[in-house]
Amino acid sequence: MSTNFLTHSAYINQPNHYPNKACRSTDIDGESISVEGAYAVQDVSCNECGTQWKDTFKLTGFVVTELPSET
Ligand SMILES: [Zn+2]
């Protein structure tokens with residue numbers, strides 16, 4: 001079963017966002033993202049073949065968008 005799926009690096013680098021080598025459908029739905037510490041997870045599913053998986057995201061930094069107010 002697992003031989004049908006892309007490696008992690010191949011999955012990250014391919015633009016069409018499908019993990020299943022046998023399907024390659026781009027009819028993919030993503031649920032809302034939940035953040036857990038420095039990581040986030042998104043449930044994803046393919047409407048074509050029924051594969052379900054989780055995309056995992058890692059925190060890479062931050063951007064200040066408002067400075068603290070002066071007292
Ligand atoms: Zn599929």
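Arg24 lies in the loop between helix H1 (8–13) and strand S1, where helices (H or I, at least four residues) and strands (E, at least two) are DSSP runs numbered from the N terminus. The model is a predicted one, in which local features need pLDDT of at least 70 and side-chain atom pairs count only at pLDDT 80 or more, while totals for chains, interfaces and linings use all residues. Residues are numbered from 1 along each chain as its sequence is written.

Although Arg24 is not a glycine, its phi is positive, at about 60°. Arg24 counts as partly exposed because 13 other C-beta atoms lie within 10 Å. By definition, a residue is buried if 20 or more other C-beta atoms lie within 10 Å of its own, exposed if 12 or fewer, and partly exposed in between, with C-beta atoms placed from the backbone.

Asp27 is found in the loop between H1 and S1 as well. Asp27 is exposed, since 11 other C-beta atoms lie within 10 Å. Leaving aside residues up to four places away in sequence, Asp27 touches Cys46, Asn47 and Glu48; a contact requires that the C-beta atoms of two residues, placed from the backbone, lie within 7 Å. Asn4 stands 23 residues from Asp27 along the chain, and the C-alpha atoms of the two are separated by 18 Å.

**The sheet**

Which strands make up the sheet, and in what order? Three strands form an open sheet in the order S1-S2-S3, with antiparallel pairing. The edge strands are S1 (28–36) and S3 (52–58), each of which pairs on one side only. Averaged over the sheet, neighbouring strands are turned by 20° against each other, direction ignored; the axes are lines fitted to C-alpha atoms, for helices over the stretch in contact, and angles run from 0 to 180 degrees between N-to-C directions. Strands of a sheet pair through backbone hydrogen bonds, either parallel or antiparallel. Here two strands are said to pair if DSSP finds at least two bridges between them.

S1 and strand S2 (residues 39–46) run antiparallel and are joined by seven bridges. Asp29 stands opposite Ser45 in S2, and Glu36 stands opposite Tyr39 in S2. The hairpin of S1 and S2 has two residues between the strands, and Gly37 takes a positive phi near 65° there.

S2 and S3 also pair in the antiparallel sense, over seven bridges. Val41 stands opposite Thr56 in S3. The hairpin of S2 and S3 has five residues between the strands, and Gly50 in the turn has a positive phi of about 85°.

| Residue | Location | Phi |
|---|---|---|
| Arg24 | loop between H1 and S1 | about 60° |
| Gly37 | hairpin of S1 and S2 | near 65° |
| Gly50 | turn of the S2 and S3 hairpin | about 85° |

**The loop between S2 and S3**

Thr51 is found in the loop between S2 and S3. Is Thr51 buried or partly exposed? Thr51 counts as partly exposed because it has 18 C-beta neighbours inside 10 Å. Not counting residues up to four places away in sequence, Thr51 touches Pro19, Asn20, Cys23, Ser45 and Cys46. Cys23 is 28 residues from Thr51 along the chain, yet their C-alpha atoms are separated by 9.3 Å.

**The protein overall**

The secondary structure comes to one helix and three strands, following the pattern α-β-β-β along the sequence. The protein has a radius of gyration of 17 Å, whereas a compact globule of 71 residues would have one near 11 Å; the radius is taken over C-alpha atoms, and the globule rule is 2.2 Å times the number of residues to the power 0.38. Along the principal axes, the C-alpha atoms fill a box of roughly 60 × 20 × 20 Å. Of the 71 residues, 4% count as buried. Among contacts between residues at least 6 apart in sequence, 16% join residues at least 24 apart.

The mean pLDDT is 91, and 97% of the residues reach 70 or more; pLDDT is the predictor's confidence in each residue, from 0 to 100. Confidence is lowest in H1, at a mean of 90, and highest in S2, at 96.
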